[in-house]
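Here are my notes on the model, as numbered points. Please read them with the structure open.

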Amino acid sequence: SSGINAEWPLRPGTCYGDSGRYPLFIQLAKQATSYFNRLNTLDAGDDDSLVRHAFAEQRDGKLEWFTNMTKLQEVAGYSFGIGGASRNQIRPTVIQERLRAYFDLMWREERLTSSKLTFYNMVKNSDTIRLEPFLDLPNYKERKYLMQLRSSSHRFNNETGRYISAQESLKETSLPLWEKRCKFCTAPEAKDFLYLPFAESIFAEDELHVLISCPRYHELRMNLDPDTKSHLLRNEEHWKLFEGQYLTKFARFVKKIWKERFTTKR
């Protein structure tokens with residue numbers, strides 16, 4: 001999230017998915033494997049250099065660097081063998097490709113099964129880790145707010161209301177759903193209706209409520225250009241708002257929502 005400059009803790013899966021970047025250990029896997037191969041080749045011969053002895057010490061003592069490198073290779077589908085190129089020389093490029101493929105698989109599983117990434121799955125059109133178009137917007141705040149919105153890493157009540165203390169959750173009067181409500185739309189008396197089956201869809205201040213339904217932002221919606229407003233209120237294919245013809249106007253709209261919600265006192 002520091003690379004995207006969102007200034008708010010982002011979920012790692014969304015950072016990788018939208019930035020097009022892989023974890024540092026994958027980016028460096030090719031270089032690290034080449035170095036490992038060179039040391040392994042030295043160890044197979046009668047080289048008496050200090051670096052060869054250091055490598056042997058790592059191997060014999062099962063020290064951290066050697067252990068981590070062999071685990072990396074196992075994840076990539078190699079079984080480690082001592083003895084240089086004639087004994088299962090490991091191709092650095094293949095290692096990196098396999099680690100990326102393995103990470104892609106884990107990333108997809110995490111994002112599709114996480115209850116906190118429901119909105120992200122609506123707006124993530126690509127099933128691959130790639131740089132998303134909205135991150136090329138010139139306005140820093142627009143990039144930041146769109147990233148927070150996509151990843152559900154924001155301060156709307158649907159997210160902040162998740163995190164009540166353990167002590168509070170044990171109380172009979174504890175109502176986590178009430179903490180997620182849109183306070184602008186919900187009168188205090190509405191608490192008596194929380195147990196009705198449709199309550200969640202009425203109260204939650206989530207992304208779709210803010211973008212499409214909440215009357216607090218009605219004027220902002222009405223001031224959108226006709227094409228963007230029409231697509232937004234159609235409430236389908238949300239991913240199109242984050243790229244192409246709608247992106248610029250939608251980004252400005254989201255920035256105004258953030259200003260209204262988090263800086264305007266009501």
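1. R252 is a residue of helix α16. The model is a predicted one, and in it R252 has a relative accessibility of 42%, which puts this arginine in the partly exposed class. The C-alpha atoms of R252 and R143 are 9.9 Å apart, while 109 residues separate the two in sequence.

2. On the chain as a whole: the secondary structure consists of 16 helices and zero strands. The chain has 266 residues, and 42% of them are buried.

3. What is the angle between α1 and α8, and how far apart are their axes? Helix α1 covers residues 12–19 and helix α8 covers residues 140–151; the two pack at about 125°, with 10 Å between the axes. Angles of 65 to 115 degrees count as roughly perpendicular and those over 145 as roughly antiparallel, so α1 and α8 are classed as oblique to each other. Their crossing is right-handed. On the α1 side the contact involves T14, C15 and D18, and on the α8 side M147, R150 and S151. By class these residues are two nonpolar, two polar and two charged.

4. S152 lies in the loop between α8 and α9, the latter spanning 157–160. Its phi is positive, about 55°, although S152 is not a glycine. Most residues other than glycine have a negative phi, which is the reason for listing this point. S152 is buried, at 3% relative accessibility.

5. N235 sits in the loop between α15 and α16, where α16 runs over 247–262. Is N235 buried or partly exposed? With a relative accessible area of 38%, N235 is partly exposed.

6. Helix α3 (residues 29–44) packs on helix α4 (residues 50–60) at an angle of about 100°, and the axes are 9 Å apart. The pair is therefore roughly perpendicular. From α3 the contact takes in Y35, F36, L39, N40, L42 and D43; from α4 it takes in V51, R52, F55, A56 and R59. Seven of the residues in this contact are nonpolar, one is polar and three are charged.

7. Helix α4 also packs against helix α5 (residues 64–75), at an angle of about 70° and with the axes 7 Å apart. That angle makes α4 roughly perpendicular to α5. The residues that meet are F55, Q58 and R59 in α4 and E64, W65 and F66 in α5. They divide into three nonpolar, one polar and two charged. F55 and R59 are listed in the contact of α4 with α3 and also in the contact of α4 with α5.

8. How many disulfides does the structure hold? The number is zero. A disulfide is a covalent bond between the sulfur atoms of two cysteines. For C182 the closest cysteine sulfur is that of C185, at 3.5 Å. The cut-off for a disulfide is 2.5 Å, so the sulfur atoms of C182 and C185 are too far apart for a bond. C182 is buried, with a relative accessible area of 1%.

9. T228 belongs to helix α15, residues 226–234. The relative accessible area of T228 is 1%, and T228 is therefore buried. With neighbours within four places in sequence set aside, the contacts of T228 are L241, Y246, K249 and F250.

10. T264 is in the segment after α16. At 32% relative accessibility, T264 counts as partly exposed. Not counting residues up to four places away in sequence, T264 touches R216 and K259.

Technical notes:
Residues are numbered from 1 along each chain as its sequence is written. This is a predicted model: local features need pLDDT of at least 70, side-chain atom pairs count only at pLDDT 80 or more; totals for chains, interfaces and linings use all residues. Side-chain values use heavy atoms; hydrogens and water are left out. Buried means under 20% relative accessible area, exposed over 50%, partly exposed in between (1.4 Å probe, protein chains only). Axes are lines fitted to C-alpha atoms, for helices over the stretch in contact, and angles run from 0 to 180 degrees between N-to-C directions. Helices (H or I, at least four residues) and strands (E, at least two) are DSSP runs, numbered from the N terminus. Angles under 35 degrees count as roughly parallel, over 145 as roughly antiparallel, 65 to 115 as roughly perpendicular and the rest as oblique. A crossing is left-handed if the near helix is turned anticlockwise from the far one by less than a right angle, and right-handed if clockwise. Contact means heavy atoms within 4.5 Å. Ala, Val, Leu, Ile, Met, Phe, Trp, Tyr, Cys and Pro count as nonpolar, Asp, Glu, Lys and Arg as charged, and the others, Gly among them, as polar.
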